[in-house]
Amino acid sequence: MSGEADYLADNTSPAESVVDEVFASLSEEEQEKQREDWKEELKMTEDEILTLMQVISAKEQQATQLKRKLGVTMWTELSEEMTLEMRNIQESTAKMSENLKTAREKTSKTVSGYFHTWSSR
């Protein structure tokens, strides 16, 4: 199989298989026309992607400028993220401590009950 055929064989859905069958049924000229149409569509899609990436870049620059005007610096953002993460760690630690306490109490009751039952025999 050729490289394109290998790709198609490995990455086809049932709908794509139908398209492949229809494509295979076309004449050589029609297949070539279809390929040209696909190339044109691919070029347009890639151009749109490039445009969107440029728009995103411009928006990121605008956001950076607005943050600077508001006095929000990288350090401020990092500090806020660190504070949030520390709060999350403290909450997790408190929950874990509470769970361990509950487990310790249940274990103690179970072991105490077992020894009480065993010693009363």
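Helices (H or I, at least four residues) and strands (E, at least two) are DSSP runs, numbered from the N terminus. This is a predicted model, where local features need pLDDT of at least 70, side-chain atom pairs count only at pLDDT 80 or more, and totals for chains, interfaces and linings use all residues. Residues are numbered from 1 along each chain as its sequence is written, and side-chain values use heavy atoms, with hydrogens and water left out.

**View 1. The whole protein chain, for orientation.**
Welcome to the overview. You can follow four helices and zero strands here, in the order α-α-α-α from the N terminus on. Of the 121 residues in the protein chain, 2% are buried, where buried means under 20% relative accessible area, exposed over 50%, and partly exposed in between (1.4 Å probe, protein chains only). The accessible surface of the chain is about 11200 Å², with 59% of that belonging to carbon and sulfur atoms; such areas come from the Shrake-Rupley method with a 1.4 Å probe, and for residues only the protein chains shown count as cover.

**View 2. Q31 and its surroundings.**
Look for Q31 in helix α3, which covers residues 28–70. Q31 is buried, at a relative accessible area of 14%. Its side chain reaches the backbone oxygen of L26 at 3.3 Å. Apart from neighbours within four places in sequence, Q31 has F23, A24 and L26 in contact, contact meaning heavy atoms within 4.5 Å.

**View 3. Helix α3 from end to end, and what follows.**
The 43 residues of α3, at 1.5 Å a residue, should span 63 Å, and the end C-alpha atoms are 62 Å apart, which agrees. That expected span is 1.5 Å times one less than the number of residues in the helix. T64 is also part of α3, and T64 is partly exposed, with a relative accessible area of 45%. Between the C-alpha atoms of T64 and M74, ten residues apart along the chain, the separation is 9.6 Å.

W118 sits in helix α4, residues 74–119, and W118 is exposed, with a relative accessible area of 57%.

Terms used
A polar contact is a pair of N or O atoms within 3.5 Å; within protein, one must be able to donate a hydrogen and the other to accept it, and residues adjacent in sequence count only if both atoms are side-chain atoms.
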